[in-house]
Amino acid sequence: MSVIAVVDYDMGNLHSVCKGLENVGAVPKITDSPAVIEQADAVVLPGVGSFDPAMQNLRSRNLIEPITSAIASGKPFLGICLGLQILFDSSEEGVEPGLGVIPGKVRRFRSEPGLTIPHMGWNQLEFPQPDLSLWEALPADPWVYFVHSFYVDPIDLEVRSAMVTHGSQNVTAAIAKDNLMAVQFHPEKSSSTGLKMLSNFVSLVKTKVAV
């Protein structure tokens with residue numbers, strides 16, 4: 001069975017992510033061990049909360065190098081919510097440097113009349129990368145669940161794999177580059193659509209292991 005390391009850095013409820021992965025046949029392992037992350041077949045980096053505490057916690061647990069090495073190794077990697085944002089260089093939310101894996105910045109939604117911030121609830125995705133394995137067999141413009149006040153703004157627009165519109169602002173909802181995928185929304189809270197995404201990720205992991 002493929003082992004998926006779910007990185008524990010005290011930022012959010014890991015158990016809902018693990019339950020989602022278990023529901024689609026994966027063996028998730030919650031860990032803050034660099035050795036376990038290195039040996040795992042794939043890595044999931046979830047997260048809920050603020051940018052600076054996330055980076056401080058990763059640093060204090062000596063997890064920055066294991067995470068960046070896992071991405072560089074080519075194994076399947078999935079970031080979720082805050083786990084997407086900390087892949088970037090920096091955030092308007094704080095002063096800590098991010099992991100810098102994806103060049104760009106995390107920005108706050110602009111205030112607009114009648115616009116609710118945070119962006120919370122169900123919204124529809126558009127797919128600039130419709131052939132991404134994570135989106136396989138999904139309905140057109142699927143609905144997923146968001147909770148965020150900040151969004152990622154990559155320098156290289158080619159990495160954008162999903163977009164979402166909140167008010168008049170069309171922003172990046174997911175990125176993908178090679179083995180690295182990361183989403184702003186919560187697949188584990190996005191009903192059958194989210195479970196299908198997790199299932200697609202697990203299928204990708206099994207395919208990589210079998211090669």
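Select Leu-63 first: this residue sits in the loop between helix H3 (51-60) and helix H4 (64-73). The model you have open is a predicted one. Leu-63 counts as buried because its relative accessibility is 0%. Show its surroundings. Leaving out residues up to four places away in sequence, Leu-63 touches Val-7, Asp-8, Tyr-9, Asp-32, Ile-37 and Leu-58.

**Stop 1: helix H4**

Move on to H4. Colour Pro-66, Ile-67, Ala-70 and Ile-71, the buried residues of H4. They are on the same side of the helix, because they cover an arc of only 135° around the axis. Next, show what they pack against: E1, helix H2 (34-39), E3, H3, E4 and strand E12 (180-183). Then turn to the face of H4 away from the buried side. Exposed Glu-65 and Ala-72 are there. Follow the chain out of the helix. Gly-74 comes after H4, and its phi is positive, near 95°.

**Stop 2: Asn-179**

Select Asn-179, in the loop between strand E11 (169-177) and E12. With 13% relative accessibility, Asn-179 counts as buried, the cut-off being under 20%. Zoom in on its side chain. A polar atom there lies 2.9 Å from the backbone oxygen of Ile-71, one of the buried residues of H4. Now display the contacts of Asn-179, ignoring neighbours within four places in sequence. They are Ala-70, Ile-71, Gly-74, Lys-75, Pro-76 and Phe-77.

**Stop 3: Met-181**

Step along to Met-181, in strand E12. Met-181 is buried, at a relative accessible area of 2%. Draw a C-alpha to C-alpha distance from Met-181 to Ile-71. These two are 110 residues apart in sequence and 9.8 Å apart in space. Beyond the four places on either side in sequence, the residues that Met-181 touches include Phe-77, Leu-78 and Gly-79. Among the others are Leu-132, Ser-133, Leu-134, Phe-201 and Leu-204.

**Stop 4: helix H1**

Go to H1, residues 14-23. Begin at its start. A side-chain oxygen of Asn-13 comes to within 3.0 Å of the backbone nitrogen of His-15. Select Leu-14, Val-17, Cys-18, Gly-20 and Leu-21: these are buried. Their arc around the axis is only 160°, so they are on the same side of H1. What covers these buried residues? The cover includes strands E1 (3-7), E2 (27-31), E3 (42-45) and E4 (77-80), along with helix H6 (191-210). After H1 comes Gly-25, with a positive phi near 90°.

**Stop 5: Ser-2**

Jump to Ser-2, in the segment before E1. Ser-2 counts as buried at 13% relative accessibility. Apart from residues up to four places away in sequence, Ser-2 touches Val-27, Asp-41, Val-205, Lys-206 and Val-209.

**Stop 6: the largest pocket**

The largest pocket holds about 180 Å³ of space. It is lined by 14 residues, and those closest to its centre are Val-48, Gly-49, Cys-81, Val-147 and His-148. Helix H5 (82-85) and strand E8 (143-148) each give at least two residues to the lining. By class, the lining has five nonpolar, seven polar and two charged residues.

Stay on Cys-81. It is in the loop between E4 and H5, and at 7% relative accessibility it counts as buried. Check its backbone: phi of Cys-81 is near 60°, a positive value in a residue other than glycine.

**Stop 7: two more backbone details**

Why check such angles? Most residues other than glycine have a negative phi, and most peptide bonds are trans. Select Ala-137, in the loop between E7 and E8. Its phi is also positive, near 65°. Is Ala-137 buried or exposed? Ala-137 is exposed, with a relative accessible area of 62%.

Finish at Pro-118, in the loop between strand E6 (102-108) and strand E7 (119-124). Look at the peptide bond from Ile-117 to Pro-118. It is cis, with omega near 15°.

How values were computed:
Residues are numbered from 1 along each chain as its sequence is written. This is a predicted model: local features need pLDDT of at least 70, side-chain atom pairs count only at pLDDT 80 or more; totals for chains, interfaces and linings use all residues. Side-chain values use heavy atoms; hydrogens and water are left out. Helices (H or I, at least four residues) and strands (E, at least two) are DSSP runs, numbered from the N terminus. Buried means under 20% relative accessible area, exposed over 50%, partly exposed in between (1.4 Å probe, protein chains only). Contact means heavy atoms within 4.5 Å. The arc is that of the directions from the helix axis to the C-beta atoms. A polar contact is a pair of N or O atoms within 3.5 Å; within protein, one must be able to donate a hydrogen and the other to accept it, and residues adjacent in sequence count only if both atoms are side-chain atoms. On a 1 Å grid over the protein atoms alone, a cavity is a set of points where a 1.4 Å probe fits but cannot get out, and a pocket is an open set with protein on both sides within 12 Å along at least five of seven lines; lining residues have an atom within 4 Å of a point. Grid points are joined across faces, edges and corners, and a volume is the space filled by probe spheres set on the points. Ala, Val, Leu, Ile, Met, Phe, Trp, Tyr, Cys and Pro count as nonpolar, Asp, Glu, Lys and Arg as charged, and the others, Gly among them, as polar.
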